[in-house]
Amino acid sequence: MKYVLVSGGVISGVGKGIIASSVGLLLKTTGLTVTYLKIDPYLNQDAGTMNPVEHGEVYVTDDGGEMDLDIGSSSRFLATTLTRDHNITTGKIYQQVLDQERRGDFLGKTVQVVPHITNAIQDWIERVALVPTDDSGRQPDICVVELGGTVGDIESAPFIHAISQLQRRAGKGNFVQIHVSYVPMIPPGPGGEQKTKPTQRAVSDVRSAGLSPDLIACRCEQPLSSATIQKVADMCQVENNKVIAVHDVSTTYHVPMLLEKQNVLETISGLLDLSNYERPPALVEQGKEMWKQWVGLAQGSVHALDTVNVALVGKYISLKDAYMSVSKSLEHAAMHCRKQVNIIWVDAAQLEDETLQTAPVQFHKAWHDVCTADAILVPGAFGERGTEGMIKAITWARTKKVPFLGVCMGMQLSVIEYARNVAGIPDANSEELKPQGKNHAIVYMPEIDKTKLGGTMRLGKHACVFQEGTEWSKLRKLYGDAPEIYERHRHRYEVNPELISTLESAGLNFIGKDTKGERMEIVELKDHPWFVGVQFHPEYLSRVLAPSKTFLGFFAAAAGCLDEVTKGFNEKN
């Protein structure tokens, strides 16, 4: 097994995930099988209970793992199917070692960070790196390991120590480290000077911790000058061609192309001795086609003239990473429609009547954004805040025939909106939002453990079966003749089974249900350009080269090309 470690210095959030995913993509385009593993040094067992405004979205895998959002980035770039074990946290490692200690696995020895924790980390990486993660079913050739946080942080120390040992375990020619640093412009702007001192300190820190970077990726606002590259090379003792400039680009999909122009693939291939590495001819051709499509879509997105405005009505918009997979899914759909997407971020709470009294300017601006958008999207969320604003946006989309997509809570709120305004249940609500209410259109799923939060939801991939008589469905037509689809879920509430017949009689169509026909998965309105709510999270399975059909249909309806897109999919199938 060969490893590519991507670590970071100076500051967090410098772009390690995109750089790691881009490197993996370049390797995959040569016919190699690539997997990915993310290390997060926090004590949480997973990201499931974290505040999305602080940490970003929670990404869910097929097996129900609740993961860091960088797992989503790698999945979208590499078209891999990762598992919960592809995300290591301090909490997971310590829990495993403590469970072993309680069983007596260490035979009375004193359990310590070194060697027990560090050995557990290495064993975990080596085990998971061998798990097939793509359609070929092949054991991976290369594992890209991203070390979260910043080298030098206290919580990262055991992982740094373990990885330095893993480097020796792997052997010469089987391990490459890319250290991502930040080169600020002081003062900011065209007249500023690129400062290399933070990068020098970051490389010094990582070396003192036991690792020696092979490549230094310098994040910067503007392309690095030749003098800056020379200075980094001189002060960090690497060759000039191993100083990689990763400046700001119009879209993250250009980052692989930026690295490719700097011969990063050739450099890594030389360090890992990949020139004579056996590659199946079919995967080589597949890789070439992947790169061709990638470049075409990335370049086409820049030259697309038409822009579609999508109002994303959410409650976590102060940190846009809270909707990372949603925004990326819209980008994927836009690229395949040869359009550009402009996401208009609307704070749902500002649509509510109370805001008119306390902040009228924000209220009117929010409503202007909703009313002038080409489409309205209400994503997943938890808690009561902002939900009445979301419901008002849904009413606008339904009555004004504006393309609408509701995801998870967005779907549940669309059911509540319909129950209130069409089905004649004016006090309809959710057990989550109004526990003491009388008419719950949305209720707790009976199997949910109400005493805990972590890992207690309906998680992972589950089947959704299209119902008889729903061949008219615009969403279903995108799937051709498929009787059922599989999508990833993350929820603990469902549509109240006791109200299904009432809602259906009022014209709300549940076109998709679970395999038992008991749990509602998809709602859709007939006489509407696109009004779809899905209980699952289609954004988790959207890929750059294979966009989510749910998001593609929604975007195409807003762009006025739904019939064309649907015809194209059916011809392919």
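Which residues point one way from strand S2, and which point the other way? Before I answer, a word on the model itself. Residues are numbered from 1 along each chain as its sequence is written, and side-chain values use heavy atoms, with hydrogens and water left out. The model is predicted: local features need pLDDT of at least 70 and side-chain atom pairs count only at pLDDT 80 or more, while totals for chains, interfaces and linings use all residues.

Let us turn to S2, which covers residues 34-40. Strands here are DSSP runs of E with at least two residues, helices are runs of H or I with at least four, and both are numbered from the N terminus. Val 34, Tyr 36, Lys 38 and Asp 40 point one way from S2, whereas Thr 35, Leu 37 and Ile 39 point the other way. In a regular strand the side chains alternate between the two faces of the sheet. Seven of the seven residues in S2 are buried, meaning under 20% relative accessible area with a 1.4 Å probe, protein chains only; exposed is over 50%, and partly exposed lies in between.

Next, the helices. Helix H1 (residues 16-28) and helix H3 (residues 69-78) have axes that come within 9 Å and cross at roughly 25°. Axes are lines fitted to C-alpha atoms over the stretch in contact, and angles run from 0 to 180 degrees between N-to-C directions. H1 and H3 are therefore roughly parallel, the term for angles under 35 degrees. Gly 17, Ile 18 and Leu 25 are among the H1 residues that meet H3, whose side of the contact includes Phe 77 and Leu 78. Contact means heavy atoms within 4.5 Å.

Finally, the nonpolar cores: sets of buried Ala, Val, Leu, Ile, Met, Phe, Trp, Tyr and Cys residues joined through side-chain atoms within 4.5 Å. The largest has 86 residues, and Val 313, Val 415 and Ile 522 have the most contacts inside it. Beyond its neighbours within four places in sequence, Val 313 is in contact with residues including Val 346, Leu 351 and Met 390. Apart from that core lies another, of 48 residues, among them Leu 32, Leu 78, Tyr 253 and Met 257.

How values were computed
Parallel < 35°, antiparallel > 145°, perpendicular 65-115°, else oblique.
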